[in-house]
Amino acid sequence: MKYRIRAGDIEHGGSASAKIKSELTRVGIDEFTARRAGIVSFEAEMNLIVYSDSGGTLSVRVEPDAVVVEARDKGPGIEDIDLAMTPGYSTAPEWATDLGFGAGMGLANIKKNSDGFEIESRIGEGTTIRCRLDRRENPRIDHQGGS
Amino acid sequence: MKLTEIVGQLSLDLFTPISDPGAAVTGGYSGDLLSHVLSSALPGNLWITIQHHANVVAVAQVTGLSAVLIVDGKRPNDGVREQARSSGVTLLGSTESAFEVAGRVRELLAAQR
Amino acid sequence: MRLDELAMTIEGETLVRGTRSDLQIEHAYAADLLSDVLSLAEGEDRTTLVTGMINPQVMRMAEILSIAAVIVVRGKLPPQSMVEYAQELGIPLLATRKTLFETCGLMFAHGVSPCQTKPVHDMRDHQ
């Protein structure tokens, strides 16, 4: 699955991620992993919308043992990755915070919800994040009950 | 109900000293949107929020709130605490969620009537 | 509590009933900041979101997080697109004039408990 995300397109923010999650569920990915993939995609999608110069791509690949989510943009790049990963650190513009976004939890949430997380970024060139989410055998293994 | 009583009953953290120990809490306000606090919260209200940056202090001061109660274990940094202290704004904390804190505060306020 | 009881308690209008007739509202999470809602990752499927936000992200997040029900407070009117989305998902959508504080307070008083979440430690914890 591959989606093109437009910078500043708040109106559609999260729609790609919702589709990703429902598609993963449809093809039989366990609920726990599908949900985490949805969250990772959502945060990555919102980051592309709020911070990228010209948007980017959000893609998801299903492998036998894992779901891989990748988000890529061509700018502006992150100056200090460690700082950007710190919960609570935010460079969000006012139009984003007015809508309840940009609280500085995005990258930290992505990492928290991934089993493997990589991020590369260069100023002026762009940022790529790659997340591996290991699939669980039992669809309900990380839940109590449910319907 | 006095702010000090609420602090005691809920074992809240004090990020600043209580600036007016005799202050009565007029009600509770929950929410994270600063513009809404400005338009809707009443003087003397106890503001329950997850926000903990410098703007929170300014909003609390302008609105005349009795205190800001920061939830989910979030902690304001030293700069924010200092700003609160010098503006006479009281910052409190709880490790519980916004939902629970609102529930408990309302329980206390309701018992007073 | 059941959906009908909840609606009465918070003097809310049930805009979407949802598909589960046996739904019990057991846990709730209150937030305006959507990024905080995402920390519900470790919560349960029976979580009800209580919020003053009515932007398109709310229902998209409800889908991703498998939220059980959504309550909009402060007299905000969920747009038609939000109502339709809730219908598609088959989850209840309620709206009340009451404030977030009052709504949470009433739900809490009627036995709805908070969610279990493990928020990521904030940077300021380390200062």
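Helices (H or I, at least four residues) and strands (E, at least two) are taken as DSSP runs and numbered from the N terminus. The structure is a predicted model, in which local features require a pLDDT of at least 70 and side-chain atom pairs count only at pLDDT 80 or more, while totals for chains, interfaces and linings use all residues. Residues are numbered from 1 along each chain as its sequence is written, and chains are lettered from A and ligands numbered from 1 in the order in which they are written.

In chain B, the elements follow the order α-β-β-α-β-α-β-α-β-α from the N terminus, giving 5 helices and 5 strands. The C-alpha trace of chain B extends over about 35 × 25 × 25 Å along its principal axes. The radius of gyration of chain B, 12 Å, agrees with the value near 13 Å that a compact globule of 113 residues would have; this radius is taken over C-alpha atoms, and the globule rule is 2.2 Å times the number of residues to the power 0.38. Buried residues (20 or more other C-beta atoms within 10 Å of the residue's own, against 12 or fewer for exposed and partly exposed in between, with C-beta atoms placed from the backbone) amount to 49% of the 113 residues of chain B. Contacts are defined by C-beta atoms, placed from the backbone, that lie within 7 Å. Of the contacts in chain B between residues at least 6 apart in sequence, 49% join residues at least 24 apart.

Two packed helices are described by the angle between their axes and the distance between the axes. Axes are lines fitted to C-alpha atoms, for helices over the stretch in contact, with angles from 0 to 180 degrees between N-to-C directions. The axes of helix 3 (residues 54–63) and helix 4 (residues 78–87) of chain B come within 8 Å and cross at roughly 15°. Helix 3 of chain B is therefore roughly parallel to helix 4 of chain B, a class that covers angles under 35 degrees.

Chain C contains 5 helices and 6 strands, arranged α-β-β-α-β-α-β-α-β-α-β from the N terminus. Of its 127 residues, 59% are buried. Residues 24 or more positions apart supply 57% of the contacts in chain C with a separation of 6 or more.

A positive phi, near 50°, occurs at the non-glycine residue Ser11(B) and also at Glu11(C). Ser11(B) lies in the loop between helix 1 (3–9) and strand 1 (13–14) of chain B, and Glu11(C) in the loop between helix 1 (3–9) and strand 1 (12–16) of chain C. Ser11(B) counts as exposed because it has 8 C-beta neighbours inside 10 Å; Glu11(C) is exposed with 12 other C-beta atoms within 10 Å.

For chain A, the mean pLDDT (the predictor's confidence in each residue, from 0 to 100) is 88, and 93% of the residues score at least 70. Residues 141–147 of chain A stay under 50 in pLDDT. Phe101(A), in the loop between helix 4 and helix 5 (106–112) of chain A, is buried, with 24 other C-beta atoms within 10 Å. Beyond four places in sequence, Phe101(A) touches residues that include Met46(A), Val50(A), Leu34(C) and Ser35(C). The peptide bond from Gly75(A) to Pro76(A) is cis, with omega near 5°, and Pro76(A) is located in the loop between strand 3 (66–73) and helix 3 (81–85) of chain A.

Terms used
Contact = placed C-beta atoms within 7 Å. Parallel < 35°, antiparallel > 145°, perpendicular 65-115°, else oblique.
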